[in-house]
Amino acid sequence: MTNSWVNWAGDQQCAPAATAAPGSPEDVAELLRRAEAAGQTVRVAGAGHSFTDAVLTDGMLLNLSKLDRILHVDRAAGLARVEAGATLNALSAALHPLGLAFPNLGDIDVQTIAGATATATHGTGATLQNLSAALRSVELMLADGSRVELDEQSDPDGWRAARVHVGALGVVTAVTLELVPSFVLEGVERPVPVTDVLADLDEYIDGNEHFEFYMFAHSPLAMTKRNNRVELPEQPRGRAVDWFADILVSNHTFDALARLCRRRPQLIPWVQRGAAYAGSYRRQVDRSYRVFASP
């Protein structure tokens, strides 16, 4: 397809009439004027990690990855003004040396800040809100190229809509974030019998800042993951260890096994039991964003 777009999961695709990657807010305004003149609708694609059809269009599709700057940081107030196309990972890595961090992240950090907040991306943690809760203001560009700044004081109703707008209000060009002091997390992963997890589920949830578990249909074991703040120095893993655990095993090996099981479904019980036992104990102590995004 000409100008084809497909999301990360491969379950959503479209063929927009035009695509563009503006390098400034002024470029965005000009593109919106062109789209209006041509009678085209405009949608914005972030990193494509949504499973929904929110981006699909036969009009103009914008990619804001070039609008990725940190515009201003107020370390004392914990505020950062950033452009819409900056990714969660890039922001986290740049803000950590300044002593700031997101209070919560999901296990994938390649999303743009505008896309992640607009779709209510969240992490774990029973007492923590989704990523849009970190927003303190949103700069929206309207169809005529004008810009409006929305926050709770200036327009309470507009602000509530803008925090999780799924692209329906306009093109986000910048946001102001309220962050927390940077911190270190201890992440512990270990297999636990499913019956034990379910029997003590409330204790697991209430006793950890972040808790999640994965069940394997043909195994008595669940893979549990607990993340908690610690007053310890960060202990980053080596690149070789990261590549082996996160790329070779978690991505390529499991992908190959999934493909094998599609061809030979009779192997599914054996593969799932093996995968559950393969998930042995692992402990990681590192910067919060590295542990959040560790599979």
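Which side chain meets that of Glu83 in a salt bridge? The partner is Arg69, at 3.0 Å from N to O. A salt bridge here is a side-chain nitrogen of Lys or Arg within 4 Å of a carboxyl oxygen of Asp or Glu. The pair links distant parts of the chain, with Glu83 in strand β7 (residues 79–83) and Arg69 in the loop between β5 (60–63) and β6 (70–74), 14 residues apart. Helices (H or I, at least four residues) and strands (E, at least two) are DSSP runs, numbered from the N terminus.

This is a predicted model, in which local features need pLDDT of at least 70 and side-chain atom pairs count only at pLDDT 80 or more, while totals for chains, interfaces and linings use all residues. Residues are numbered from 1 along each chain as its sequence is written, and side-chain values use heavy atoms, without hydrogens and water.

By the salt-bridge rule the count comes to 16. Three pairs are listed below.

| Pair | Closest N and O atoms |
|---|---|
| Glu30 and Arg33 | 3.4 Å |
| Arg290 and Asp286 | 3.1 Å |

Glu30 and Arg33 both lie in helix α1 (residues 25–38), three residues apart, about one turn of the helix. Buried means under 20% relative accessible area, exposed over 50%, and partly exposed in between (1.4 Å probe, protein chains only). Glu83 is therefore buried, at 4%, and Asp286 is buried because its value is 3%. Arg290, at 30%, counts as partly exposed.

Glu26, Arg81, Glu139, Arg147 and Glu149 are linked in a network of salt bridges.
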